[in-house]
Amino acid sequence: MTDLNESELKVFVDAVKNYFSHLTSDAVLIRAAYLSNTLISHHDYTGLITISGRFRGCVYFSAPARLLRALLHALREPDTSEDNLLDAVGEIANTIAGNARKHFGTSLTISIPVTIRGVPEQIKSAARARSFAIVLNWSGYDATVIVDLAPVDSFTS
């Protein structure tokens, strides 16, 4: 196996769409999905999931505070404290990675979410020279899903 193929990347796009469509009445618009050759912008909050097994690397979801507050409001959650915003971004990252695990099977192990408050100075690619970026818009707010995964057998050469 040389890389993630288009149908495998679609798993992550579909996971994002499914997350928001199941929890809210507002659909997600996928604005772009591309192989990044530059640093990818991050937002106020980031949820990061480390992946091992058949693939190695990470998947993360980065969103502005306004998106997370709007999501909590849509879910009828009145608590929009810092802790709840961190929980929300971690839950979204975990759900996206969990959907990928369903697709790729139990040979894919996912970590518990690591949440980051503030724009990280730089999250460097762990597995690939160029990560895949999925830019989405929900309820008027942009967010980003980064897929930085490589097949394990590409590291054994």
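Predicted model: local features only at pLDDT ≥ 70, side-chain atom pairs only at ≥ 80, totals over all residues.

Reader: What are strands, and when do two of them pair?

Author: Strands (E, at least two residues) are DSSP runs, numbered from the N terminus. Two of them pair if DSSP finds at least two bridges between them. Here S3 and S7 (residues 141-151) are antiparallel, with 8 bridges.

Reader: How many bridges join S2 to S3?

Author: 7 bridges join S2 (residues 45-53) to S3, and the two run antiparallel. Leucine 48 lies opposite tyrosine 60 of S3. S2 and S3 make a hairpin, with 1 residue between them.

Reader: Why is S3 called largely enclosed?

Author: Buried means under 20% relative accessible area, exposed over 50%, partly exposed in between (1.4 Å probe, protein chains only). In S3 (residues 55-63), 8 of the 9 residues are buried, so the rest of the structure largely encloses this strand.

Reader: How is a pair of aromatic rings described?

Author: By the distance of the centres and the angle of the planes. Rings of Phe, Tyr and Trp (its six-membered ring) pair if their centres lie within 6.5 Å; planes under 30 degrees apart are stacked, over 60 edge-to-face, the rest tilted. The whole structure holds 2 aromatic pairs. Tyrosine 19 and phenylalanine 20 have ring centres 5.2 Å apart and planes at 80°, so this pair is edge-to-face. Ring pairs link Tyr19, Phe20 and Trp138 into a cluster.

Terms used:
Residues numbered from 1 in each chain as written. Heavy atoms only, no water. Helix = DSSP H or I, 4+ residues; strand = E, 2+ residues; numbered from the N terminus.
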